[in-house]
Each structure stands twice: as structure tokens, then as C-alpha cells.
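Subject: Structure handover

Hello,

Here is the structure you asked for. My notes on what was found in it follow below.

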Amino acid sequence: MLPILIKYILAEKPQSQEVTISGWVRTKRDMKNLIFVEVNDGSCFAGIQCTFDKAVLPDAVIQSSLDSLTTGASVKIRGKLVSSPASGQNVEIAASSLVILGEAPAENVSGDKAELSIQAYPLQKKRHSLEFLREIAHLRPRTNTFGAVARLRSKMAFAIHRYFYERDFHLLHTPIITAGDCEGAGAMFQVTTLDLACAAKDIACKEADYSKDFFGKKTYLTVSGQLEAETYATAISRVYTFGPTFRAENSNTVRHLAEFWMVEPEMAFAQLEDDMSLAEDFLKHVINFALDECADELQFFDAHVEKGIIENLRQVACARFTHITYTDAVKELEKAAGTNKNLFEFQPKWGCDLQSEHEKFLTEKVASGPVIVTDYPKEIKAFYMKLNDDEKTVRAMDVLVPRLGEIIGGSQREDNLKKLTERMSALNLDPKDYYWYLDLRRYGTVPHAGFGLGFERLLQYVSGMANIRDVIPFPRAVGQAEF
Ligand code: 4AD
Ligand code: MG
């Protein structure tokens, strides 16, 4: 039988009932007659205090177990649930039995062989830097911060599924391995079973023969499930994907991962305005969910990670998102840059992508809140976005939020076969490679739109964690694929 989680025991009334808990020792204090042990099982922040009365316990139990009761050791403790005289906790366990399941030595232990030697448990009771914890990503979930991030991540994923479920969006599993580059950015990881070492030795071989590769062609890890999502949206009206996506961008920043999770809704019979409404409603909904259902975690983040984040999220949840076209946004940026030459490192210019400093300025100085920027120049956006009548801009929208910048990128899709193929030719994309995608425009084409939300960016936004590598269990980035 599974043990009762500590969060439920902490909520019980103390009536001297017998309880058994299992968890990991956080701290131990050895007083004259009593030993206090705090045990945590990660079900909530608080651990439960277990007190061992030396006068009551048999000597043997105390002696043999005391030395092993160190921070990190796993234990099973049985005793009576009684009210606690200590402040900050209602109940504690007057322990009567203790089983040490696994030790966690506080000092290095040398073994007969190298692999049997054990280094002192690295998570001693003190504050560790996030950088240090990133190096021990397999043990960091045992800290308060990463336990909280893990619970938040899981609950937010649930909130996302529930949001779409309740609105008749069907979950679609799009492929991880793909032959196409959805974003056209060329930042893809190749998937191959060809013997690369052999190919490298073959000096005469300029390009590997991909017809001999596993799939008979060049394939990659997907950067987005959007193109496949469009096929199902134009059949069952409303779908969403929520899965891992991969980008081989060489950007070593606090907002980029090589492997991240993306939520991508796609709607038939929808225009850019519908897309923006969905994005705003969706973001507010999941933020409200976090405020209601992850209150303990948010309080922790507010106290230890980003002061004022709860109030900030509350405001965002009831604010009206500012809408601005890319052209007007650039005008605002140019105006600001004109009065202060040192404001930006990169001078804003129509036709260039918005830099993070520009996004920051728009959200923090122009709008004081989330901003949806629309109608970007076609040159800086992907091939599938619907061309505006001006033939210069596309029906794109990015949702930018303070502290973070872009959290959502989306668009109305080009549903006109001729315009889409023209755009593809201009970008040297071979329409033959996209025949199935173009078929959606050949047969029963409809206006449709969707967006992608970076799940880790959302978690960063809600938790206030500064580095995206701290909101995914095992981050993958340039030069980093440990664990
Ligand atoms: O703006 P992006 O590239 O849009 C797409 O991929 C579209 N196909 C989405 C769609 O319309 N269905 O990416 C969408 C979002 C970004 O706004 C950002 O939040 C996140 O994905 N994102 C990343 N997150 C972490 N690391 C990276 N390298 C990311 N690249 C994009
Ligand atoms: Mg984008």
C-alpha cells in the first residue's frame, strides 16, 4: 500500500492516531532528551516534524539509527499524530518506530571500488545557487525551489489540457520526426541512421545518400507541430498539440532551449482577431488557475524568487492586452530612440526583427503590461502566414509580456493556394515537398489560425524563475545534454 502523503497528514486533526510517513530527512536536531527530525516527501513545501523521545525509545533503536539520520536519508517513521507546541505547525509525530530505508552520508565514504565510493550528500541544509543545482539536476527536485517548479509544471500542464478540453479542442499528437521545416529557420536537428563516421571518412562523398537513410530521405526533429495541426483543424475544426519541439539554434540565452514543450492550438473558420482573443483568454485562464491552484508555490516564488509576482499576475489576469501593429510599435521605438540615443543597443528599424530590449520597452514602457504586436513584415516571418492587402505585411501576432518578451507566436494562415505557392517560391521552398500542406488549400480551403505558446516561457512567467533551464527538469541547450 502506498504511504499517505505528508500534505494530507499535515491537514489532519491531531487525535493521537497512529500514522506512518515515508520521506527524506531535511533536518535533524539532537537535543538532550529529544531528537527532532523534519521529513519531507515533496507533496508540499512543509515537512512533518517527528520527535523521538530518548527515554521512551529502546537504546538500540536510537544508537543504531541516530548516526544514519542525516539530511537526505530516506526513512519510514511510525508514531502518534499529536498537536505540536512548535510555531508554524499544527501537528507533529511522536515517533515510536524508525526504519532507515537509505542512508545519505554527510561525509565522503570510500568503497572497495570507485563506483562504491560515495561523496557526501550534496544538498546540505543551506542555500545553494541555481547554477550549482543545475549541475545536479538529478537531485535538485529534492529542494524546495525545484519541488515547487515540478508541482507547478505538472499542474499547469493539466490546466492547459482542461482549458482546451472544455472548449471542444481535440488533443492531436503530431509527429516528432518530420521531413519539413515548419518555421523555415533552418535550425533543425537531423535524424539519421546513416553511419556518420563512415561518411566522414569517405572523402569522395560530398553529400550522404539519404535515399539509403532510414526514411529514404533527410529527416529532422520537429520545430513545431503546426503544419500537421492544420490538417486536422481543417477536418475536425479545433485541435491543439502539446508536445516536445526542438531547435538547434545556437542561442545561449535565459529564454532559449534546444528542446522545449509547445502548446499549439489551431482553429478552422478563424481569423487573426479570433486568434488574438483565444491567446489572451487562454493566458489569463492559466494564470488564474496558477493563482488559485498553485497558491503555495506562488507564495514561495513571491517570497524567494520574484518579489510581487502574485500581484503582478493578478493584474495581468484582469488587464486588457494592448494591441499594436508592428509598424506602430517601430514608430514608438524610433521615437524613444530619437530622444535617447543610448536607450537601445540595436536601433529599431522597420523590417528588422524586434530585439528583446525592444520587446521589454514595449511591454514595460509603452503598454505597462502584455502587448500583442500584429502585422509584421513578411520577410521576418514564416512562409505560411496570410499576406495582408498591402502585400508587405502578414497577419502575424506575437504576445509579449513584461520581464520575458515573446511568450506566444501565432498567425492567420495563408489559405489562398496561389499566394501561398508564390511565397514559397520566393523563399526557395519546393511546393512538391509540401504537396499535402497545399492540398488543404486545394480542397475545401478555409480561413484558419493558431498560435504556439512556449510552455517553459509560461512557467518562467508564472514562477518568476529567471533562467528557462530552471523550469524544465533536464534542460537541453548548446553543449548541454547531461542526464
Ligand atoms: O514563434 P514560434 O517559433 O512559432 C511557431 O513555432 C509556430 N509554428 C507556432 C504556431 O503558430 N503554431 O514559437 C512559438 C513559441 C514562442 O513564442 C516561444 O514562446 C516558444 O515557442 N519558443 C521557445 N521556447 C524555448 N526555447 C526556444 N528555443 C523557443 N523558440 C520558441
Ligand atoms: Mg516567434
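Is glutamate 266 buried or exposed? Glutamate 266 is buried, with a relative accessible area of 1%; buried means under 20%, exposed over 50%, and partly exposed in between, with a 1.4 Å probe and protein chains only.

Before the rest, the conventions. This is a predicted model, in which local features need pLDDT of at least 70 and side-chain atom pairs count only at pLDDT 80 or more, while totals for chains, interfaces and linings use all residues. Residues are numbered from 1 along each chain as its sequence is written, chains are lettered from A and ligands numbered from 1 in the order in which they are written, and side-chain values use heavy atoms, with hydrogens and water left out.

Salt bridges

A salt bridge here is a side-chain nitrogen of Lys or Arg within 4 Å of a carboxyl oxygen of Asp or Glu. By this rule there are 30 salt bridges. One of them joins glutamate 266 and arginine 413, at 2.7 Å from N to O. Glutamate 266 belongs to strand E11 (residues 259–268) and arginine 413 to the loop between strand E15 (405–412) and helix H12 (417–426), so the bridge ties together parts 147 residues apart in sequence. (Helices, H or I of at least four residues, and strands, E of at least two, are DSSP runs numbered from the N terminus.) Arginine 413 is also buried, at 2% relative accessibility.

Another salt bridge pairs glutamate 332 with lysine 335, at 3.8 Å from N to O. Both residues lie in helix H10 (residues 326–339), three residues apart, or about one turn of the helix. Glutamate 332 is partly exposed at 28% relative accessibility, and lysine 335 is exposed at 56%.

Aspartate 398 bridges to lysine 381, with the closest N and O atoms 3.1 Å apart. Aspartate 398 is in strand E14 (residues 393–401) and lysine 381 in the loop between strand E13 (371–377) and E14, 17 residues away. Both aspartate 398 and lysine 381 are buried. Lysine 381 also lies over the face of tyrosine 376, 4.2 Å from the ring centre; the rule is NZ of Lys or CZ of Arg within 6 Å of the ring centre and within 35 degrees of the ring normal.

Aromatic pairs

There are 20 aromatic pairs, counted for rings of Phe, Tyr and Trp (its six-membered ring) with centres within 6.5 Å; planes under 30 degrees apart are stacked, over 60 edge-to-face, and the rest tilted. The rings of phenylalanine 158 and phenylalanine 289 have centres 6.2 Å apart and planes at 50°, so this pair is tilted. Phenylalanine 158 is in helix H4 (residues 144–165) and phenylalanine 289 in helix H7 (residues 272–293), 131 residues apart. Phenylalanine 158 is partly exposed at 46%, whereas phenylalanine 289 is buried at 8%.

Ligand 1

Around ligand 1 there are 25 residues, the closest being Glu183, Gln226, Arg247, Glu264 and Glu406; a residue counts if one of its heavy atoms lies within 4 Å. A polar side-chain atom of serine 224 is 3.0 Å from a nitrogen atom of ligand 1, and one of glutamate 249 is 3.2 Å from a nitrogen atom of ligand 1. Taken alone, ligand 1 exposes 630 Å², of which the protein buries 94%, using Shrake-Rupley areas with a 1.4 Å probe.

Regards

Technical notes
A polar contact is a pair of N or O atoms within 3.5 Å; within protein, one must be able to donate a hydrogen and the other to accept it, and residues adjacent in sequence count only if both atoms are side-chain atoms.
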